[in-house]
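Subject: Structure handover

Hi,

Here is the structure I promised to pass on.

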Amino acid sequence: MKNQRLTIYLGVLLLCVSLFTGCAKVEYTAIAEPAYLRVFNNLNYIQTLGSKDDKVPYFCMLINPKFSASGAITGAEIVGDFLDKRAAYAPPYPSHIGNSTTVDNPEYPGKENVLVGPILNGFDLSSWAQVPSGELRIVFAYRPKNTIPFFELESQLKTDILIDTVINLASKEVYTLHLLQKDFVSKEHGILLRQENFHKLPLSDSLVYVNFYNMSAKGFVDADLSLKDDDYLLRSFKNGIKDETNIFLSLYESQDNPFVQAPTVSGYKGKFLTRLTRNNTNAMVSPYLSFPLWASSKSNGIQTDIWQRFDFFAPGMDITNNPFFSGEIATGGNWASVNCLKNGKVFLGGSDNGTQLPNLLVNVHSGTHNPQTFATVNTLEVVNGRIYLTTIQRKYAPPIY
């Protein structure tokens, strides 16, 4: 009998331990008619003489916040805390979860454990969060740059609001929300809510798509250089680009030697793509432009080594009459370039002025092929002295080992 009681006690103890340790799980609240939302904080803090007294743009995002009788924020339907400045690359999957040593979140949902979007018309929406559709109140509150959750902060640290506005989201639609500086001189801030359409377009899986935005603040490109970020990695984009810019595409055959540019793919050396106009008020989707996934004659229909370069020139300039030397950074906004490299950020040396970003193509193990190259849908966004890449991929077959 004593042994039997001991066995029962041990069983109860093990059950209690498992309940409080190994069986912990995240509880999700189902959303009946969701919209899909992704949020980027495009406000950057830099240490210059003109910005030393500026607030650090580090936020807690609150959707449908709740307030006490005294007006203090006490909760919210959706909370996106520790919202830090945006990363240069937004990959096609939520890579930040489980791979970070800080609470800083470069986007929403990013690291947040929330219900995410589905595979919609073949496109992976796992980097978009499910949120309620309809009219939503959205608040961006300044918060200290520490690891204390917003609602555990002292009350006086939860009252500084940058943005308090209302947005309207339609059910089953895909949205990207940008927190932006609207005017560089007046320091006016605001948001831009873009309703995406890539999942509704008849896009070919043998073409690579990209569209462009210049959401820079009014007056940034003409501001004194002492007021701008001097980060060397920004290269030619650090001073901004002109409000009217022409974009040219070059495709390169390989990246075997990262210090030497390979030959260009036939027909893709400085090819004109589009005219880009600065705009941070109109949320219309820019048209998608494309180039063939198998543009190179060296590709085998399974894998390709090509990488892309985009040159942003002021009107009247192109690669044939460019007056600047190849490594020039201080071009007055007349020329900036970005190299989208196969192996990520590989520095090409002082002879090249291009900012480095990942390739627009995705190379992964799929089926029996390791790797296999897939076309993607991409967005390149210029904001003040930075350029950002967002990549969206289709669903592809899992690997076979």
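Phe59 and Tyr142 are both buried. Keep in mind that this is a predicted model. Back to that pair: the ring centres of Phe59 and Tyr142 are 5.0 Å apart and the planes sit at 40°, so the pair counts as tilted. Phe59 belongs to strand E2 (residues 59-67) and Tyr142 to strand E8, so their contact ties together parts that are 83 residues apart in sequence.

How many aromatic pairs does the structure hold? The count comes to 15.

Arg86 lies over the face of Phe40, 4.0 Å from the ring centre. The charged end of Arg194 is placed over the ring of Tyr213, at 3.8 Å from its centre.

Strands E2 and E8, which carry the Phe59 and Tyr142 rings, belong to an open sheet of 4 strands in the order E3-E2-E8-E9, with antiparallel pairing. At its edges are strand E3 (73-83) and strand E9 (161-169), each of which pairs on one side only. From one strand to the next, the twist averages 25°. Strand E8 (residues 134-142) is joined to E9 by 8 bridges, the two running antiparallel. As an example, Ala141 has Ile161 in E9 as its bridge partner.

There is also an open sheet of 4 strands in the order E7-E1-E10-E11, and its pairing is mixed. Strand E7 (129-132) and strand E11 (189-195) stand at the edges with a single partner strand each, so one side of each has no neighbour in the sheet. The twist in this sheet averages 35° from one strand to the next. Strand E1 (residues 34-41) and E7 run antiparallel and are joined by 4 bridges. Along that pairing, Leu37 stands opposite Ala129 in E7.

Cheers

How values were computed:
Residues numbered from 1 in each chain as written. Predicted model: local features only at pLDDT ≥ 70, side-chain atom pairs only at ≥ 80, totals over all residues. Heavy atoms only, no water. Pairing = 2+ DSSP bridges. Axes fitted to C-alpha atoms, helices over the stretch in contact; angles between N-to-C directions. Phe/Tyr/Trp six-rings, centres within 6.5 Å; stacked < 30°, edge-to-face > 60°. Buried < 20%, exposed > 50% of the residue type's maximum accessible area, 1.4 Å probe, protein only. Lys NZ or Arg CZ within 6 Å of the ring centre and 35° of its normal.
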